[in-house]
Amino acid sequence: MSTINPTGEASPWHVGEQALQRQAGVSERMEEVGRRVLRDHLIDQHRAFYPQLPFIVLGTVDGGGDAWATLRANEPGFLQSPDPHTLSVRLGRQAEDPADAGMSDGDAIGMLGIELHTRRRNRLNGTIRRAGPAGFEVDVAQSYGNCPKYIQLRDFSFARDPSAGPAAEPMVLPALDNEARRTIGAADTFFVATYAELENGQRQADVSHRGGKPGFVRVGADGVLTIPDFAGNLFFNTLGNILANGKAGLVFADFETGDLLQLSGDAEVVLDAPELDAFEGAERLWRFTPRRIVRRPDASPLRWASPQDGQSPSLRMTGSWHEAESRLSGSMA
């Protein structure tokens, strides 16, 4: 809540989100939508939803201002809402996770509760209250539901006790190696953390799901990732944050092995490019240049399996970079 709209009321959107809503021609409508759906508390439905989850997606900001996204798992029940304004999180500190550097008392945090086997999801952001290393509470600033678009169905199981750490040590990479490129190029899902510094001096963190057909993320020879932005809820939380400060953190999960690939770096929104006409379903693009890369083998105790019909129906209207580049080559021939 950081700007004033033309009526003199506080807007539910910050300047980055508003800029993209104006560009899309929906700013007036989204002012009304935002005041109606962005809540400063958890509704009963969401208070009952979080305790069902075996994992949570988190977006944090470290002391140097870098954004990180991560997945943390525990037995269902590790998330509880003792009152509508609070989410209690039973997760210990994890120094090997770069996102943990932004999980101290008073830090801003973005959270995504997502149930991959039902495609349900809820987002919230707020501020951490931490009294010790065993967990923390989040004072809810914003909470809102998200639609099931672009989510691949996946069923989960625990491969090990979630309280036991992985056997392998994390690896800091100087650049994307072949394994990292393969992971990104084959992904149908990743999560992205971003944040904005609001005019009232507060930091607002966010973490969001991104899904597409395998090959929807392009890795350039220079290591820059190019990602299509498909039709969504017009909130522009992720891209609005990128427009505001140009920082992002991405996490790609290997759902079969539990490996996590975490990237933090610089991002930009691309509103006009030849690739937009060639990539089916893309309304705009964004590019991400990783500066810090961490691979964490077996970081998650969860393993996931997709049913044969698990692809999100909304992806039937979207493409891949292989298809887009074929169209571009044909148009230039």
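Predicted model: local features only at pLDDT ≥ 70, side-chain atom pairs only at ≥ 80, totals over all residues.

Biologist: Why is Leu42 called buried?

Modeller: The relative accessible area of Leu42 is 1%, and buried means under 20%; Leu42 is therefore buried. The residue lies in the loop between helix 2 (27-37) and helix 3 (44-49). Not counting residues up to four places away in sequence, Leu42 touches Arg47, Tyr50, Ser81, Pro84, Thr86, Leu87, Asn122, Leu124, Val140 and Ser143.

Biologist: Arg284 is a charged residue by class. How do you know whether Arg284 is buried or exposed?

Modeller: Arg284, in strand 18 (residues 282-296), has a relative accessible area of 6%. The cut-off for buried is under 20%, so Arg284 counts as buried. Beyond its neighbours within four places in sequence, the contacts of Arg284 include Gln23, Asp229, Phe236 and Leu276.

Biologist: What makes a set of residues a nonpolar core?

Modeller: The members must be buried residues of the listed nonpolar kinds, joined through side-chain atoms within 4.5 Å. The largest such core has 38 residues, and Phe190, Leu225, Leu250, Phe252, Leu263, Trp286 and Phe288 touch the most other members. Leu225 is in contact with Leu250, Phe252, Leu263, Trp286 and Phe288, among others. A second, separate core of 22 residues includes Leu53, Ile56, Val89 and Ala99.

Biologist: Why are some spaces called cavities, and how many of 30 Å³ or more does the structure hold?

Modeller: A space is a cavity because a 1.4 Å probe fits there but cannot get out. The structure holds three of 30 Å³ or more. The largest contains about 370 Å³ of space; among its 24 lining residues, Arg210, Asp229, Phe230, Gly232 and Asn233 are the closest to its centre. Strand 13 (203-211) gives the most to that lining, with four residues. By class, the lining has nine nonpolar, eight polar and seven charged residues.

Biologist: What makes the space of about 320 Å³ a pocket?

Modeller: A pocket is an open set of points, whereas the probe cannot get out of a cavity. The largest pocket, of about 320 Å³, is lined by 15 residues, with Arg154, Ala253, Asp254, Phe255 and Glu256 nearest its centre. Helix 4 (178-186), strand 16 (247-253) and strand 19 (302-305) each give two or more residues to the lining. The second largest cavity, with about 50 Å³ of space, also has Ala253, Asp254 and Phe255 in its lining.

Methods. Residues numbered from 1 in each chain as written. Heavy atoms only, no water. 1 Å grid on protein atoms, 1.4 Å probe; cavity = no way out; pocket = protein on both sides within 12 Å on 5 of 7 lines; lining within 4 Å. Points joined across faces, edges and corners; volume = space filled by probe spheres on them. Buried < 20%, exposed > 50% of the residue type's maximum accessible area, 1.4 Å probe, protein only. Contact = heavy atoms within 4.5 Å.
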